[in-house]
Each structure stands twice: as C-alpha cells, then as structure tokens.
Amino acid sequence: MERNSNKNCRRQHYHHLSAMVTVFSWSWLLLSSSSMLNVGIDAFSLPAKKRGASTSCSNNRWNANYDYDVRIATRIPQSRHGDGSRILFAVSDNATVEPSTPELATAKTATIKGTASTTSSAGTKKNKNSNKRKNRTKKQHSNKNKQRRYKQQRKQRQKSNSSFQPQQHQQRPFSDLTLDELKQLTEYYLAQNIRPGHDAHGSDGTMSPQQMHEFSRLLSSWSKFSPDSNHNHHNNRNRGGGSNNRRKRTLAAEMAEQCLRELIEEQNAGNEGANKVISVDMYYLVIKAWLKVGGYKELVHASLLLDLMEQNNVESSTKCYAAVLDGWCKSKSKGAEMEAEKILERMGSRDGVGRDVRHYNNVMNRIAMGGKSNAGVEAERLLMEMIKLYKASYKEGGMNTVNGDSSKPASTSAASANGMDMAPTRSSFNTVIKAYANAGGRNAARNAQRILGMMEDPSSSLGIDKDDTDTLEMLQNNIAPDKISYTSILMAWANTNKSGERGDRDAGERAEELLESMACAGIEPDTVTYNAVLKVWGKCGHRNAGERSEALLDKMLQLYESGDSDVIPDDVTFNTVIHNVANSNAMDSPQRAMRLLERMKQSHESGLIRAKPDIISYNSVLNAFAKSGGPESAQHAEELLDSLEKRSNNNNINSGSTGWEIRPDVYSYNIVISAWGNCGYANKAVALLDRMTALTNEGKANLRPDATTYNTVLHAWSQSSDRNAPVKALGLLEIMLRLDEGGDRSANPDVLSFSTVINAFSKSKFPRKARQTRDLLRRMKQLYENGQERMRPNVYVYAAVLNACAYTFGRSEEKEEALKIGIETYEELQSSTEIETNHVAYGSFFRVCRRLMDDDYRRDDLITSAFRQCCSDGQLGEYVLRQLRAVPELYVSLLQAYIIDGEVLYQDLPSSWKCNVKDTKRKKGEAQFGRKKNGRS
C-alpha cells in the first residue's frame with residue numbers, strides 16, 4: 001500500500017511538473033512572437049482548457065483567478081506612464097482596469113525566461129522522434145501531394161482565364177469572438193477610454209487614433225454580425241431560433257450605433273482625427289444593421305440615421321437613402337408606402353443623391369401590394385412624375401435615354417441630369433396596372449386599359465418626337481406590353497366588384513376581346529391567362545357565365561391536343577369552370593358540374609392532363625347541389641359526401657391503392673348541412689353535426705365542427721317549421737357557450753349565433769318571445785362588456801328584437817309587455833354611441849307601433865317623432881315607406897307635399913332623407929325582417 005501511494009504521489013508530482021513546464025514553454029514562445037509584443041503579461045497566465053480555474057506557482061504574485069479570454073486581452077491597448085514604461089491591464093467581468101507596475105512585469109518576464117531555459121532539453125528528444133515520423137509520412141504521401149497541387153494550379157489557371165472574377169469576401173473583424181465576448185470588448189472601449197493625463201474618462205476630443213481605429217473595427221464587426229454564423233452555433237443550440245436571432249440582431253445594431261455615436265461625439269468636440277475616420281460607409285453599415293432586424297421601429301431608427309447624416313453635414317450617398325427606401329418598400333407595416341414615398345422625395349431634394357426608375361418602381365410596387373382603394377391613382381401619380389422628369393430631360397438635352405443609356409451633352413442642366421435615368425420601363429407600367437387590379441372598383445379595369453394604351457403609344461405618352469425613330473424604337477422595345485400586362489388587366493376586370501359594388505356584366509366579353517388582342521400582338525396566351533379570363537366570367541355575374549366558361553375549357557383542350565403545350569388545363573382551370581357552372585343558378589347546374597368533375601377524372605386517368613380532382617372540385621359540386629334548393633338536391637349532396645368518406649376509408653385500408661386520396665373537410669360538411677337547412681330539414685343538419693363530432697372522437701381532428709358549422713345548424717333551426725325550433729336552437733347555443741367556457745375555441749359563439757337564435761324566436765309563435773329575445777340581447781351585451789369583442793351587438797340584432805315584439809301573439813297582457821320591450825329597445829338603440837340606427841331598425845319600430853298600439857295620439861306621436869329622426873339621419877328607405885303606408889292618415893300628413901295621384905315616388909323624395917341608405921344592408925334587412933308570411937307584411 002505504501003509503495004502504491006508513493007507511486008501515485010510521484011506520478012502526480014510528475015504530471016504537475018509537466019504541466020508547469022508546458023505552460024512556461026508556451027508562454028516563452030508566445031512572448032517572443034512578434035504579433036504579441038503589445039500584449040500584457042497577465043494574458044498568458046490563463047489555464048489552457050478551463051476558464052476561471054486558478055493557476056498556482058511558487059511565486060505568490062502569480063496566484064490569480066481570471067474570468068476573461070486571452071483573445072479579448074490581446075485586443076486591449078496599452079498606455080504608458082510619463083516615463084515611458086508600459087501599463088499592463090488585467091480585465092475582469094465588470095471590465096474594470098487595474099494597471100500593473102513595471103517592476104511586476106519585469107519580475108514575471110524574468111520568471112518565464114528562467115523556467116523556459118530549464119525545460120528546453122526535455123522537449124528536444126520528443127521533437128527528434130516526431131520529425132522522424134513526419135519524414136516517413138511525407139515520403140509516403142508525396143505523390144498525392146503533387147497531384148493535389150496540380151489540381152489546385154489548374155483551378156487557379158481556369159479562374160484567371162475566366163471573364164468573371166468574383167469579389168473576395170472580406171472577413172468580419174473580430175470574427176473569432178463570440179457574441180458575449182464581442183459585447184464585453186465593446187463595453188470595455190465604451191466605458192473605459194483611458195487617455196494621457198487622465199485616470200478615468202477623458203474629456204471629449206482626446207481619443208487617440210488607435211482607439212478610433214478600434215471603434216471603427218468594432219462598428220464594422222457589429223454591422224456584419226450574423227446570428228447564423230458558424231462560430232455562434234454553440235450559443236443557439238438549445239435556444240429558440242427566430243426570436244433569439246432577432247434579439248441578437250437588435251443588439252448588433254445597437255452596439256454598432258453606439259460605436260458610431262462615440263466617434264461622432266469626438267468629431268463634434270473638435271477631434272480632427274475623427275474627420276478622417278468617419279465616413280458615409282459607417283452610416284451605411286449601421287443603417288444596414290438596423291434593416292437586418294426588420295420591423296416598423298427599426299425602420300424608423302434607420303430613417304433617423306439619415307437625419308443624423310444631414311445634421312452632421314456628411315457627404316450624401318445614394319446607397320444610404322436607397323437602403324432605407326428598400327426597407328420601407330419590403331415592409332408589411334401599415335403606412336409603409338407613405339414612408340417610402342417620403343424617402344423618395346428626400347432623395348430628389350438632396351444634392352449628391354440620385355434617384356432613378358428603380359426607386360420609383362419599388363415605391364409603386366409597395367403601393368400596389370397595399371391594395372388600398374386609391375392604390376392605382378397613387379401609383380399612376382408617381383408614374384406621371386417619372387414621365388414629366390423624363391420629358392424635361394429629353395427636351396432639354398435632346399438625348400437618347402433609355403434606362404440610363406444616354407448621350408447627354410456636357411452642358412446639360414441639373415433637371416436633365418435628374419431625369420436622364422427616369423425613362424419608365426415595362427415594369428413601371430405593369431406595376432400601375434397591378435395597382436389598379438389589386439385595388440378593384442368599377443373603373444379599375446378601364447383605368448388599367450388606359451395605361452396599356454400608353455404602353456402601346458410611347459410617342460404621345462412620353463413626348464418623343466416621331467422623327468426620332470431611334471428613341472421610339474428603343475422605347476417601344478422596352479415598354480411594349482407583355483403577357484404580364486394583359487394578365488394584370490384581366491385580373492382588374494375580375495376585381496371590378498371587389499369593393500362591394502355591382503360587377504360589370506360585360507367584363508367577361510371584354511376579357512375575351514383582350515385575349516384576342518394578345519394573339520394579334522404576337523403574344524401567345526398561356527394557362528395563367530386563360531384562368532384569369534375564367535375568373536372574370538365567374539365574378540361578372542353574367543347569366544351565361546357557366547356556358548362561356550365551358551366553351552373556353554373546350555378551346556383550351558382543343559389547342560392542347562393540337563400541340564400547344566402552353567395552354568394545358570390545370571386543376572385551377574377545371575375548379576374555376578366547375579365553380580362558375582355551380583354559381584350560374586341554372587336548373588341543371590348540379591348535373592353539369594357533376595359531368596365536368598367526371599370529365600376531369602377521365603382526362604387524368606387517360607393521361608391527357610396531369611390535373612386531377614381535389615377537395616375543392618368536390619366542394620364546388622356540393623355547393624351546386626346546395627344552391628339549387630329542394631330536398632332531392634340535398635340528398636344528392638349527402639350521397640356525394642358519403643362516397644367521398646367511403647373512398648377515404650378504403651384508401652386507408654388499402655394502402656396500395658392506385659387512386660388518389662381525397663378527404664372531405666369541414667367545409668364539405670358545412671355545405672351539406674346548409675343544403676338541408678335551406679330545405680327546412682333541421683334534423684338532417686343535426687345528424688350531420690353529430691356525425692362530425694363522432695368522427696372527431698375517432699381521431700379525425702380535421703373534421704372538428706367549427707363556429708360556421710354550429711351557426712349553419714342554428715340557421716337550419718331558424719328556417720324549420722318545427723314549433724320547438726327556437727327552443728332547440730337556444731339549446732344548441734347553450735352547448736356552444738359551455739364548450740367555449742371549457743376551452744374549446746372551435747365552437748366559440750359570436751354575434752351571428754345570437755342573432756340567428758333571436759330570428760328563430762321572432763319567426764315563431766312561441767309565447768313570451770319578446771321577453772326571451774330581450775334577455776338574449778342583454779346577455780350579449782354582458783358578454784361584450786366582459787371583454788368578448790365578438791359578442792358586440794349590431795343594429796340587426798336590435799331590429800330582430802323589434803321584429804319579435806311586432807309579431808307577438810296572445811293575450812293583451814303579453815302584447816302590452818311586447819310593446820313596452822319594443823319601445824325600450826328602440827330608445828336603447830337611439831341612445832347608443834357605438835351603433836347607428838338604420839332604415840331596417842326604423843321600419844321594424846314602425847311595425848311595432850302600428851301592430852301593438854291602438855289608433856290614438858300616442859301611436860301617432862311616436863311614429864311622427866321616429867319619422868323625423870329617420871329623415872334627419874338620411875335613413876328613409878323603401879322598407880320604411882312600406883311600413884308607413886300601412887297607416888294611411890299618417891302617410892298622407894307626413895308626405896302630403898310629395899303625393900301625386902295618391903302615391904309617393906321614392907325617387908322624388910329629398911336626397912338628404914335617403915342619403916345614408918345602403919342597398920346591400922337594405923336588401924339584407926328586407927329579406928330577414930320585411931318578408932311576407934301568412935298574409936302579414
């Protein structure tokens with residue numbers, strides 16, 4: 001045991017001496033290296049493998065515990081005493097500076113030299129053995145090395161002979177430091193700038209050239225920092241990706257800006273050396289660092305750096321403004337297009353900053369992508385500004401300028417120079433057309449075609465002399481319409497009713513004429529172009545839209561079979577045609593849609609086309625059956641749904657089946673539920689809801705009923721003739737509320753759910769229905785006040801309660817209660833600051849008064865007061881007149897001045913009385929509340 005212990009002691013002592021020898025030998029080598037002459041001696045006393053470990057030696061002055069890396073210590077500058085001796089820095093976690101004395105540095109250096117000399121013989125023998133092994137290995141692999149060198153030389157010769165030479169990537173300064181180390185080094189320079197004659201912070205303007213150089217290197221390092229770089233992978237191993245990278249980019253931008261502002265303070269303090277260091281490239285690097293982060297606040301920060309440039313009279317640079325402009329154009333934030341246009345205006349007003357057609361195109365494209373109602377007008381305004389600048393430069397300089405190629409005389413003025421790169425391109429015109437297409441509206445397509453006319457006639461649109469044939473030919477080649485131009489105009493015709501206006505009935509005819517114009521211009525339409533025409537037919541509302549769509553499909557198949565592979569019908573083509581046929585409201589539309597579906601299947605199975613039916617195709621056919629009405633159509637829709645479900649189950653069982661898999665989704669079930677609901681078969685709708693719930697419990701989570709499913713079943717109960725339909729609808733609403741309270745957000749009820757149940761009560765002969773609807777309205781308001789925004793009551797809910805009061809039957813006590821509830825509901829609506837009373841609510845209140853009140857002065861006073869308020873609000877609609885006409889004496893007294901032959905023409909009434917009546921809401925309200933049933937009106 002004693003021998004073993006002695007051996008262990010000797011072994012540990014030997015390893016301890018070997019470690020010391022290794023440390024001192026490496027220290028001597030590093031100290032003698034020319035690259036480490038400016039490094040403090042404390043940097044070499046770090047342990048080799050583990051930071052923070054204590055290193056012992058016989059000299060007590062060597063005992064230390066360091067928490068920093070040698071790579072950081074090598075970058076800390078050294079100051080000097082007044083006598084020229086060096087000050088050595090020892091850096092700790094909080095970046096404090098502890099200057100060492102010259103005597104201590106001398107003692108440490110002497111110790112290193114003495115220890116290194118005693119260990120030189122120990123390493124000589126090892127070096128000889130290693131040299132022998134290296135020589136043997138070198139002889140064995142000499143042939144491979146020659147081949148490798150030959151390949152490298154051949155690659156270099158090929159690279160030198162190539163015409164294109166890629167630019168060498170410049171390595172980022174301090175690329176070997178991690179994020180935390182780089183941050184520690186930056187904070188050290190920011191917090192501790194020791195200057196001659198100062199123990200702490202020196203006064204501004206005394207930063208040395210070396211310190212300014214280090215700040216510029218730190219700025220460059222932070223601006224080029226990337227969280228995905230290789231040396232940072234170990235920091236991201238167990239952390240979140242996106243949010244963590246965003247924090248790192250934000251930190252890099254903040255640090256880069258701090259370094260820049262430190263240099264700017266020196267410049268403002270009068271340090272002449274700062275003028276040589278600070279350049280526009282520094283501002284550009286910091287701006288790019290903020291743009292890497294993205295987000296609205298970061299873009300605002302980058303824009304403020306442009307203000308800082310102008311305040312400090314920095315030489316203007318186009319790339320700084322262009323970078324910020326590009327950032328705003330790529331941003332999806334609200335109002336980004338306005339900020340981009342402000343930067344564009346600043347570029348035009350600054351000396352030394354040039355703007356060209358690319359900058360205008362970027363701003364116009366951002367406006368077009370915004371999709372606002374005035375997007376086309378704003379984009380065209382910028383286009384006309386470009387054309388104005390180009391016309392001025394063309395007339396003044398007499399130059400041939402197309403996209404920057406110019407022969408401008410030396411005497412050309414600044415206006416000509418500013419407009420020489422403003423020749424609009426094809427992309428400029430196409431962007432304006434796209435802006436009109438995305439904005440939609442009745443005149444969007446016509447304005448888009450007007451822009452197309454400008455592209456076809458550059459002489460008049462750009463102000464080019466017809467004698468200047470060279471310029472006209474060049475412009476004609478650069479702005480002539482292409483396939484994108486025509487397709488964008490087709491999309492503009494498709495979106496003519498996007499803003500809620502009635503679509504143009506002739507849009508489909510115009511779209512086909514445009515298709516023929518493309519062929520005349522030598523532009524062959526493709527599948528995308530035909531799909532755009534089909535979309536126009538589907539949205540124009542033409543009664544023959546389905547037939548014309550089928551004709552276009554036949555034409556595409558004929559062209560494809562004759563060898564034109566660019567017009568092969570795809571799944572979008574067939575689905576659009578099926579959709580157009582289903583919405584044609586023809587008697588045979590379900591059968592025609594079913595035949596198109598079978599045709600699509602046969603074409604795919606025969607190998608003619610690659611498109612195959614998907615769930616969108618089947619849902620379009622289901623929708624055709626649902627819209628046709630009648631129990632037979634609903635039955636056909638459910639049979640098609642059953643076949644889809646059966647096929648899906650068979651594909652799961654027979655995994656080797658060659659057919660494609662189509663699974664019905666929630667929308668498929670909702671369509672069939674709606675089909676049964678429109679027929680008044682609420683029990684069938686409830687059965688499908690139970691079926692979806694059972695399939696969800698079996699593991700088919702994609703069939704979980706959603707809010708639309710429950711609301712469709714509620715609508716089915718509101719259309720049902722079952723006398724208990726309101727109670728059953730109310731029970732389903734209670735189930736939805738309990739599911740929502742239990743955390744099931746798929747069945748969250750909303751204002752539509754409550755209004756549908758209220759409608760179910762109002763249409764029924766249920767006793768005390770006025771009180772029931774009033775309680776539902778109060779419950780809605782309570783949920784809304786508790787923070788559920790989707791429960792906010794609207795004017796149609798109040799109108800439904802008034803309608804339930806108006807159709808109250810039973811004893812006189814119940815009618816009196818209904819009248820009281822109706823008057824209270826109307827007064828509550830009038831006093832609301834969030835809801836405006838419309839013509840539907842006024843008409844429903846007139847109905848309450850005339851049906852529940854006796855023919856006396858109280859009724860006349862209420863109706864007269866409500867009529868005057870209705871006219872003042874501009875809500876006198878035809879529905880209101882119809883209710884007022886049921887009280888002849890009031891009808892004559894209130895509208896006596898406008899009665900001709902015993903009737904009042906609606907168009908003869910003052911426009912101020914009806915200016916706020918909206919047709920869409922009027923039709924919706926009359927359909928729900930102004931119906932005729934059992935002889936009642």
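**Exercise 1. Is R790 buried, partly exposed or exposed in this predicted model, and which residue does its side chain meet in a salt bridge?**

Step 1. R790 has a relative accessibility of 29%. Buried means under 20%, and exposed means over 50%. R790 therefore counts as partly exposed.

Step 2. The side chain of R790 meets that of D740 in a salt bridge, at 3.0 Å from N to O.

Step 3. R790 sits in the loop between α34 (769–785) and α35 (795–806). D740 belongs to helix α32 (residues 725–741). They are 50 residues apart, so the pair links distant parts of the chain.

Step 4. D740 has 6% relative accessibility and so counts as buried.

**Exercise 2. Where do K372 and E337 lie, and why does the pair tie together separate parts of the sequence?**

Step 1. Start with the bond. The side chains of K372 and E337 form a salt bridge, 2.9 Å from N to O.

Step 2. K372 is in the loop between α14 (357–370) and α15 (375–397), while E337 is in helix α13 (residues 336–349). The parts they tie together are 35 residues apart in sequence.

Step 3. Check accessibility. K372 is partly exposed, at 39%. E337 is buried, at 8%.

**Exercise 3. What separates E378 and R381 along helix α15?**

Step 1. E378 and R381 are three residues apart in α15, which means about one helical turn between them.

Step 2. Their side chains meet in a salt bridge, 2.7 Å from N to O.

Step 3. E378 has a relative accessible area of 25% and is partly exposed. R381, at 37%, is partly exposed.

**Exercise 4. How do helices α21 and α22 pack?**

Step 1. Take the geometry. Helix α21 (residues 483–494) and helix α22 (residues 507–520) pack at about 175°, with axes 10 Å apart.

Step 2. Angles over 145 degrees count as roughly antiparallel. So α21 is roughly antiparallel to α22.

Step 3. List the contact. From α21 come K483, Y486, I489, L490 and W493. From α22 come A507, R510, A511, L514, S517 and M518.

Step 4. Sort by class. The contact has eight nonpolar residues, one polar and two charged.

**Exercise 5. Is T576 buried or exposed, and which residues does it touch?**

Step 1. T576 is found in helix α25 (residues 571–582).

Step 2. Its relative accessible area is 17%. The cut-off for buried is under 20%, so T576 is buried.

Step 3. Leaving out residues up to four places away in sequence, T576 touches L534 and K535.

Methods. Residues numbered from 1 in each chain as written. Predicted model: local features only at pLDDT ≥ 70, side-chain atom pairs only at ≥ 80, totals over all residues. Heavy atoms only, no water. Helix = DSSP H or I, 4+ residues; strand = E, 2+ residues; numbered from the N terminus. Buried < 20%, exposed > 50% of the residue type's maximum accessible area, 1.4 Å probe, protein only. Contact = heavy atoms within 4.5 Å. Axes fitted to C-alpha atoms, helices over the stretch in contact; angles between N-to-C directions. Parallel < 35°, antiparallel > 145°, perpendicular 65-115°, else oblique. Nonpolar A, V, L, I, M, F, W, Y, C, P; charged D, E, K, R; others polar. Salt bridge = Lys/Arg side-chain N within 4 Å of Asp/Glu carboxyl O.
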